[in-house]
Amino acid sequence: EFNKLREEILAMKNTHSNLHPDLLRVRNKISEALGLSSEELPFAGELMEVKESEAHWQGAVERVLRQFSTSMLVKDRNYGDLARYVDQTHLGTKLVYHRVDSRRLPIKNLSSNCLPNKLNIKPGSWSRWMEDELSQRFDYECVDSTAQFAGSKKAVTPAGQIKHNETRHEKNDRKSVDDRREWV
């Protein structure tokens, strides 16, 4: 238990995200085995942040993007090697990864209140894919009232209630929406 806590403290000192140390350990293991740097296998959450001007939406955005934020990105050229390694190796944790190819999806025309417009994307080779993915999958309207929530196809409130579609709604109050320990 002491060693696990020490490893977590060390991981916190060496990173500026709240990614679980198990994910960082797995990335290090994969990077070493494949001869890649950690920058070549980023987690989506390392490439985006809520704009300062939209800080009051941070908790709600974190709720919607949590699983995506903890997903590893792998370029097409490294995909085969990574898939083989992951399949042959007991990782000891859950790993979700996305194969990032060079295809260009049309970025949806989103309203200014749409979740992707509340984010800054880190410039670089991953930015276009991130913009495409966010606009395609996370086109949630950020709404302030339940009337707006009810009238939207996909929406999120500042309290963290999420409307995924016309029938599936979610609110997870096991932790406070403003609990920074849960943010990536």
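In strand β6, V156 is the bridge partner of C142. Strands here are DSSP runs of E with at least two residues, helices are runs of H or I with at least four residues, and both are numbered from the N terminus. The model is predicted, with local features requiring pLDDT of at least 70 and side-chain atom pairs counted only at pLDDT 80 or more, whereas totals for chains, interfaces and linings use all residues. Residues are numbered from 1 along each chain as its sequence is written, and side-chain values use heavy atoms, with hydrogens and water left out.

Strand β5 and strand β6 (residues 155-156) pair in the parallel sense over two bridges; two strands are taken to pair if DSSP finds at least two bridges between them. Both strands belong to an open sheet of four strands, ordered β5-β6-β7-β8, with mixed pairing. Its edge strands, β5 (141-142) and β8 (169-170), each pair on one side only.

Six helices and eight strands are found in the chain. Along the sequence their pattern reads α-α-β-α-β-α-β-β-α-β-α-β-β-β.

Between helix α2 (residues 21-34) and helix α4 (residues 76-88), the axes come within 11 Å and cross at roughly 120°. Axes are lines fitted to C-alpha atoms, for helices over the stretch in contact, and angles between N-to-C directions run from 0 to 180 degrees. The contact (heavy atoms within 4.5 Å) involves K29, I30, A33 and L34 of α2 and D81, L82, Y85 and V86 of α4. By class, this contact between α2 and α4 has six nonpolar, two charged and no polar residues.

Along the principal axes, the C-alpha atoms of the chain fill a box of roughly 50 × 45 × 30 Å.

Note on methods. Nonpolar A, V, L, I, M, F, W, Y, C, P; charged D, E, K, R; others polar.
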